[in-house]
Amino acid sequence: MSARRLTRSRARGAAVVAGAALLLTACSSGGGGGAEEEGDDDGPIRIGISLPLTGDFSEPGKGVQNGYEIWRDEINEAGGLLGRQVELVILDDQSNADRVVADYEALITQEEVDLIFGPFSSRLVLPSARVAEEYGMLFVEPAGAAEDIFAAGYRNLFYAAPAVADTHYDYLFDHLMSLPDGERPETASFASMDDPLAMGAANGLKAKLEEAGVEILVDEIYPPNTTDFSGIAAQLAEADADLLVGGTQYQDGVNMILAVRQLGYQPRMAAFTTAPTLPEFVEAIGADKVDGIMTPNGYSPAAEYEGNANFVEMVMEKEGREPTEDEANAYTVGQVVTAAVEAVGCAEQGDCQTELVDWLHENEVATIVGDLRWDEAGRPNGAHFIQQYVDGSPEIVLPEDQATAEFIAVKPEW
Amino acid sequence: MRNASETTRAAAPAAERTAGNRAARPPLLRDPRRLVGVGLLVALAVVVLVFPMTTSVGYLLSTGVVILNYALMATGWNFMGGFTGYISLGHAAYFGLGAYAVAILIDRTGMSPFLALALAPLVVVVIAIPVGVAALRVRGASFVIVTIAFVLILLLVAQSWASLTGGSTGLMVPRAFQGLMRTEHHQVFYYIYVAALVLALLVWWRIDRSRFGMGLKAVREDEDKARALGVPTFRAKLIAFAWSAFFTGLAGALYALWFGDLDPVFQFSILMGAYMVLMALLGGVRELFGPLLGAIVVGLAIEFFKAEFGDTQFHLVATGLLLALVVLFMPEGVIPAVKGLFARFGPQASSIREVSAQQLLDGTQDAPDDDAPVAPGGVGRVR
Amino acid sequence: MSSALLLQSLILGILLGGLYALLASGLTLYFGVMRVVMIAHSAFLILAGYLAWFFTVQTGLDPMISLLITVPLFFGIGVLMQRLLITRLKPASLTMMSVLLTFAIALVIEGMLGFTFTGVQRRIRLDYGASSIEVLGAQVAVVKLVAFGLAALALGSLWFVLKKTSFGQALRATIQHKEAAELVGIDTAKVASYGFGLGLATAAVGGTALALDATIYPSLHWHWIGPLMAIIVVGGLGSIPGAAVAAMLLGVTQSLLQVPLGTTWAQTVFYVALFVTLMVRPQGFFGGRLAQRF
């Protein structure tokens with residue numbers, strides 16, 4: 001992890017300089033960055049990233065880091081970007097909004113990186129997008145699907161995944177409506193973490209179901225860091241809806257499932273966001289208990305998109321398992337930025353960033369999650385797959401033309 | 001402030017006479033200790049004012065704003081902690097309230113950001129007064145518990161009342177100054193913070209020298225004795241509490257306008273309250289510039305630790321150890337310790353605890369404004 | 001709210017109240033013997049939870065076996081903490097400064113936990129983790145019953161020690177009137193340090209009980225310290241029966257309010273009770289003369 005060590009020593013310089021500057025007026029402009037590398041065509045292209053490596057989002061944060069590193073290794077082996085090697089400068093934001101802003105501030109002004117990549121989780125994307133916007137930096141991000149982000153109207157922001165949160169369950173909804181009367185769920189219960197991504201997906205589905213006449217029995221919102229789910233589970237079990245939807249991150253999803261199982265609630269269908277896409281999920285719930293659990297997933301290892309087979313192979317080699325959604329989205333960011341940089345032919349702060357933004361607004365990019373194109377606010381144009389556990393392993397079940405297994409309409413007991 | 005001191009005067013003739021005896025101080029420039037102090041003050045002012053002109057690196061400027069924010073919060077905290085000795089661990093509540101007040105006023109009423117900035121600290125005071133009425137009925141442990149509880153309540157409310165506060169997602173505050181470059185934006189807010197800090201310091205200084213301030217410090221030294229001497233302790237504490245909430249709320253309001261994104265977990269964080277206590281204690285709660293000095297030291301240390309050990313939770317350990325060291329070995333702070341060196345050559349100041357009530361009423365003693373060692377076994381109440 | 005859901009909530013509330021009661025007893029014990037508000041109590045609670053989790057991950061044994069290590073360990077830490085740290089504080093400002101000192105200890109524990117185990121949420125995987133039994137027509141999770149049993153057992157032991165042993169008498173005497181206790185020949189310094197150790201031992205038991213059925217992470221202790229402190233103020237600072245009764249009442253109320261109000265608003269019941277207590281009866285509903293003055 002040479003990149004990290006480098007960062008630390010520089011950041012130390014920054015803090016010392018900040019101290020010196022406050023205590024002694026003598027210290028003058030230029031700060032700690034110094035007159036190095038800028039505009040230097042032979043040096044490496046330095047890409048600044050802030051990720052939650054500790055704190056609430058550290059689990060998916062590490063997946064994003066892994067995806068970025070796989071992209072870097074691949075591009076460096078192939079001779080680099082514009083013939084220059086790529087170097088990642090990663091800072092840890094501890095899942096804090098104030099840190100993420102300070103990190104990007106430091107990366108752009110102190111480290112003077114050439115490009116930046118987005119952080120993880122909608123909560124952190126929103127404040128960092130403003131920093132990027134105000135410094136005029138291209139901001140391609142792997143994890144901010146929530147509508148609030150696009151509503152802010154940042155022109156330099158692009159979401160490198162197939163679809164925004166509200167539409168994640170669209171294939172599932174269409175499929176449910178196509179079911180015959182007896183099989184179609186008549187009642188549904190929702191419990192969501194108060195997090196833009198988790199709630200966004202659940203609310204998108206809820207609105208459609210309500211419109212279609214499905215009765216919503218429970219609609220609970222709980223704050224992040226809730227650990228006791230017995231109260232929520234009691235209500236879910238009491239309502240006994242056909243369809244249970246959890247707007248979850250990781251651990252809260254596991255806790256909710258265990259809590260409803262303790263109360264003997266057996267919904268006919270169950271869907272959760274994020275948690276079931278992570279490899280730890282099966283172990284936490286038990287391989288014999290996960291069957292039938294659904295989740296929207298923006299990525300399928302089996303999909304025949306640009307470079308996907310190659311990507312799966314690299315992750316298999318490095319980790320001994322298939323890629324996760326977070327790894328894929330991070331890698332997609334790399335693909336999108338690569339396409340723009342190679343088309344425009346530059347990678348540095350200043351006017352180049354505007355050209356990169358303009359290019360992405362006008363062009364389509366082929367990625368491992370499909371061909372992506374964005375609207376003015378950075379919303380991508382695709383749709384999410386629906387993944388379901390079949391015999392203990394995750395399979396794509398919807399849409400049918402991409403499916404790797406048959407949709408299970410009645411979930412086995414958990 | 002005039003109101004407060006007037007009511008105090010009417011009710012506490014004892015305090016008035018004591019304060020009337022302050023003329024005994026030597027003229028400003030003839031006392032070498034004061035001369036050094038004035039010199040340091042001028043140097044500090046120059047450094048603070050010139051700093052933003054020396055750099056265009058956004059990160060350094062934003063660090064400067066963050067440290068000024070700490071300084072304003074810690075100085076605000078010290079209106080309560082320094083004058084009355086009531087240690088609040090929950091002042092993050094008023095910081096968060098100030099920030100949310102600005103955001104909600106702008107968001108819901110479409111008010112101008114500057115008007116919102118002016119109103120927000122007043123909103124905070126209006127909310128703080130009933131809390132103060134409840135909290136100040138009790139002393140010591142119960143008081144601290146109430147202050148912590150209030151932060152936790154506000155965190156719950158901010159997370160739950162989503163229609164008003166945006167829930168866990170928080171709120172976004174539009175930029176007050178449109179069309180500024182980000183570094184210019186930092187510079188503008190840097191100077192606004194400096195102005196707010198100067199205002200807070202002036203008010204603290206004014207209270208420190210007033211009869212009202214005497215009453216507050218009497219509460220700090222011995223509340224029962226103060227009451228017995230006729231200081232309206234409850235009202236005095238409540239007024240100090242309101243000032244404290246006002247300036248902490250002002251810091252929050254400025255922070256909201258500067259930072260732009262409110263996250264309830266950050267705005268209502270107990271850790272933030274702990275930072276304020278640490279900064280004020282480290283610098284010295286009885287000193288005008290104590291919290292400011294503490295904020296500079298602790299603020300730089302926090303920035304350093306997060307940059308150096310960012311991917312671990314080591315900054316928490318460092319904060320904890322520093323707080324423990326200050327509490328155990330230097331509860332009076334750095335400034336009194338340094339002053340103590342000078343004081344060896346000057347006349348000794350004495351604690352109110354070493355003064356009998358009769359002496360106090362006769363006004364034969366100067367005010368206890370320096371390092372006041374606790375008289376061993378001086379007061380029967382404590383154990 | 002149907003009667004089944006009501007019963008379910010009531011049972012959950014009682015199970016939760018039991019844990020609150022144990023933890024609040026420890027917290028109020030420190031205050032009784034030393035006039036110390038121990039902010040780090042819940043940090044030790046989470047530390048015990050982590051030790052139980054780590055023990056299970058390493059050995060594969062049931063987390064409750066870790067109590068054989070953590071209870072004596074915590075008792076020892078408590079005694080040392082009282083002797084080496086708390087007694088160093090000046091008596092005049094003991095209550096205020098002890099808050100800050102224990103707060104600092106809480107930060108150090110949280111930081112070290114994050115440093116050692118990272119911020120990732122942890123949960124002990126138990127074979128009986130998802131099983132439940134039926135009580136009066138309501139499903140009750142086995143782990144919750146076990147946790148409640150553990151808390152009840154510890155609380156019972158604490159009661160026994162305080163009521164039936166000579167040490168307990170000395171401890172109660174110290175709480176009620178320290179000077180008088182010294183006059184009749186009680187070594188109050190020693191009693192106080194043992195009382196501190198006893199209080200911390202409740203955190204060891206409570207933490208293990210907590211970790212059986214909940215996710216733990218380093219900063220979780222802030223979510224516990226608020227309700228616990230509200231409980232001891234409502235119960236009356238220094239009164240163990242008061243803390244236990246208040247804990248049970250508030251735990252059940254919280255659980256019942258969860259259904260109509262949701263989880264977040266339901267938690268405010270502790271703080272509402274705290275403020276009402278201060279306005280109506282600042283010394284607490286079961287407390288004596290201590291509370292208002294410290």
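Student: What makes A:T274 count as buried or exposed?

Tutor: This is a predicted model, in which local features need pLDDT of at least 70, side-chain atom pairs count only at pLDDT 80 or more, and totals for chains, interfaces and linings use all residues. Residues are numbered from 1 along each chain as its sequence is written, while chains are lettered from A and ligands numbered from 1 in the order in which they are written. Now the label: a residue is buried if 20 or more other C-beta atoms, placed from the backbone, lie within 10 Å of its own, exposed if 12 or fewer, and partly exposed in between. A:T274 has 28 C-beta neighbours inside 10 Å, so A:T274 counts as buried.

Student: Why is A:L82 called partly exposed?

Tutor: A:L82 has 15 other C-beta atoms within 10 Å, so the label is partly exposed.

Student: What is the phi of A:L82, and what is the phi of A:T274?

Tutor: For A:L82, phi is near 55°, positive in a residue other than glycine. For A:T274, phi is near 60°, also positive in a residue other than glycine. Most residues other than glycine have a negative phi.

Student: Where are these two residues found?

Tutor: A:L82 is in the loop between α2 (58–77) and β2 of chain A. A:T274 is in the loop between β9 (269–272) and α10 (280–285) of chain A. Helices (H or I, at least four residues) and strands (E, at least two) are DSSP runs, numbered from the N terminus. Chain A has 13 helices and 14 strands.

Student: How do you know that the bond between A:L398 and A:P399 is cis or trans?

Tutor: Omega there is about -5°, and the peptide bond is cis. A:P399 lies in the segment after β14 (393–398) of chain A. Most peptide bonds are trans.

Student: What makes β2 and β5 of chain A edge strands?

Tutor: Start with the sheet. Five strands of chain A form an open sheet, ordered β2-β1-β3-β4-β5, with parallel pairing. Two strands pair if DSSP finds at least two bridges between them. β2 (86–92) and β5 (157–159) of chain A each pair on one side only, and they are the edge strands. From one strand to the next, the twist averages 25°.

Student: How many bridges join β1 of chain A to β2(A)?

Tutor: Seven bridges join β1 (residues 45–51) of chain A to β2(A), and the two run parallel. A:I45 stands opposite A:V86 in β2(A).

Student: Which helix lies across β3, β4 and β5 of chain A?

Tutor: Helix α12 (residues 325–344) of chain A does, running at about 150° to β4(A). Axes are lines fitted to C-alpha atoms, for helices over the stretch in contact, and angles run from 0 to 180 degrees between N-to-C directions.

Student: What are the domains of chain A?

Tutor: Domain bounds come from an automatic or database domain assignment. That assignment gives domain 1 (2–24 + 38–165 + 305–372) and domain 2 (166–301 + 385–402) of chain A. Their C-alpha centres lie 30 Å apart. The contact takes 23 residues from domain 1 of chain A and 19 residues from domain 2 of chain A. Two residues are in contact if their C-beta atoms, placed from the backbone, lie within 7 Å. On the domain 1 side, α12(A) gives the most, with three residues.

Student: How many residues of chain C are in contact with chain A?

Tutor: 26 residues of chain C are in contact with 24 residues of chain A. On the chain C side, α1(C) gives the most, with five residues. By class, that side has nine nonpolar, 16 polar and one charged residues. Ala, Val, Leu, Ile, Met, Phe, Trp, Tyr, Cys and Pro count as nonpolar, Asp, Glu, Lys and Arg as charged, and the others, Gly among them, as polar.

Student: Finally, how many helices and strands does chain C have, and why is chain C called as compact as a globular protein of its length?

Tutor: Chain C has eleven helices and two strands. Its radius of gyration is 19 Å, close to the 19 Å that the globule rule gives for 294 residues, so chain C is as compact as a globular protein of that length. The radius is taken over C-alpha atoms, and the rule is 2.2 Å times the number of residues to the power 0.38. Of the 294 residues of chain C, 62% count as buried.
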